[in-house]
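Here is a quick tour of one protein model. Have a look at the fold before reading on.

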Amino acid sequence: MDRHIGPNFQIPAGSILVFVTVSTALFLALFDKFLFPTWKKMTGKSLTPLQRIGVGHVLNFLCMGVSALVESKRLNVAKSNESSNIVPMSVLWLVPQLAIVGISEAFHFPGQVAFYYQEFPTTLKNMATAMISVVVGVSFYLTTALIDVVRRTTTWLPGNINNGRLDNVYWILVVGGILNFGYYVICAWFYKYKNMKEVVDHSDSPYHE
């Protein structure tokens with residue numbers, strides 16, 4: 001994709017993911033200062049950790065859907081310009097999906113930390129933040145396995161993605177995300193909190209200062 005912004009600046013390919021980090025940092029602050037207090041004033045209750053995680057799940061598969069649509073458009077542009085190695089489509093088309101990832105993380109990870117910190121026995125509370133790294137590590141392995149299966153069974157991920165169907169991979173992730181969210185809702189519905197009076201106030205979160 002075209003990574004130029006103006007005539008003299010080109011975004012380094014490895015820096016594209018900075019939009020995720022910026023989005024996460026920005027929305028963490030917005031949620032902490034505005035969204036969560038407003039929600040509590042309107043409903044009289046704070047969002048529980050499981051509700052925050054659930055919102056993160058929804059945003060995750062919505063992000064994959066947006067990614068699939070953008071990739072489909074990119075492939076159409078690529079086929080119309082097969083003579084060019086660079087698809088004449090701005091890399092900024094990726095920003096919305098990366099921003100959604102950041103918003104998802106702003107809900108999901110603090111919700112997970114709050115949940116672990118709140119529900120773990122006192123002697124294990126220090127493991128709360130470490131659990132996030134464990135979950136991320138496991139998911140990286142699962143992602144690698146999924147990509148390997150896709151490459152072995154389809155032609156969607158060739159060396160040149162302009163000849164592949166990366167959008168189909170994203171749609172698979174959308175379906176997987178929806179199924180995962182359904183399973184999560186069932187588990188969350190039957191889960192009984194052990195260590196809170198009603199709900200965890202946003203100010204009790206380890207992310208709150």
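## What the record says

A word on the annotation before using it: UniProt positions are given in the numbering used here, feature names are shortened, and annotations may be inferred rather than shown by experiment. Keep in mind, too, that this is a predicted model.

With that said, the unreviewed UniProt entry lists "transmembrane region" for residues 12–31, 52–70, 90–109, 130–150 and 170–191. Take two of those spans in the model. Residues 12–31 come out as 70% helix and 0% strand, with the end C-alpha atoms 30 Å apart.

## Overall layout

How many helices and strands does the protein have? There are five helices and zero strands, so the pattern along the sequence reads α-α-α-α-α. The C-alpha atoms fill a box of roughly 65 × 40 × 30 Å along the principal axes. Of the 209 residues, 35% are buried.

## H2 against H5

Helix H2 covers residues 49–80 and helix H5 covers residues 166–190; the two pack at an angle of about 165°, their axes 8 Å apart. Angles over 145 degrees count as roughly antiparallel, and H2 and H5 are therefore roughly antiparallel to each other. The crossing of H2 past H5 is left-handed.

As for what makes up the contact of H2 with H5, its residues split into 17 nonpolar, seven polar and two charged.

## Aromatic pairs

Searching the whole structure turns up ten aromatic pairs. One of them joins Phe31 and Phe36, with 5.8 Å from centre to centre and 40° between the planes, which makes it tilted.

Tyr191 has a relative accessible area of 25% and is partly exposed. Tyr193 also counts as partly exposed, with 25% relative accessibility.

Which residues do ring pairs link into a cluster? The members are Phe115, Tyr116, Phe120, Tyr191 and Tyr193. Tyr191 also falls within one of the UniProt "transmembrane region" spans, residues 170–191.

Conventions:
Residues numbered from 1 in each chain as written. Predicted model: local features only at pLDDT ≥ 70, side-chain atom pairs only at ≥ 80, totals over all residues. Heavy atoms only, no water. Axes fitted to C-alpha atoms, helices over the stretch in contact; angles between N-to-C directions. Helix = DSSP H or I, 4+ residues; strand = E, 2+ residues; numbered from the N terminus. Parallel < 35°, antiparallel > 145°, perpendicular 65-115°, else oblique. Left-handed = near helix turned anticlockwise from the far one by under 90°. Nonpolar A, V, L, I, M, F, W, Y, C, P; charged D, E, K, R; others polar. Phe/Tyr/Trp six-rings, centres within 6.5 Å; stacked < 30°, edge-to-face > 60°. Buried < 20%, exposed > 50% of the residue type's maximum accessible area, 1.4 Å probe, protein only.
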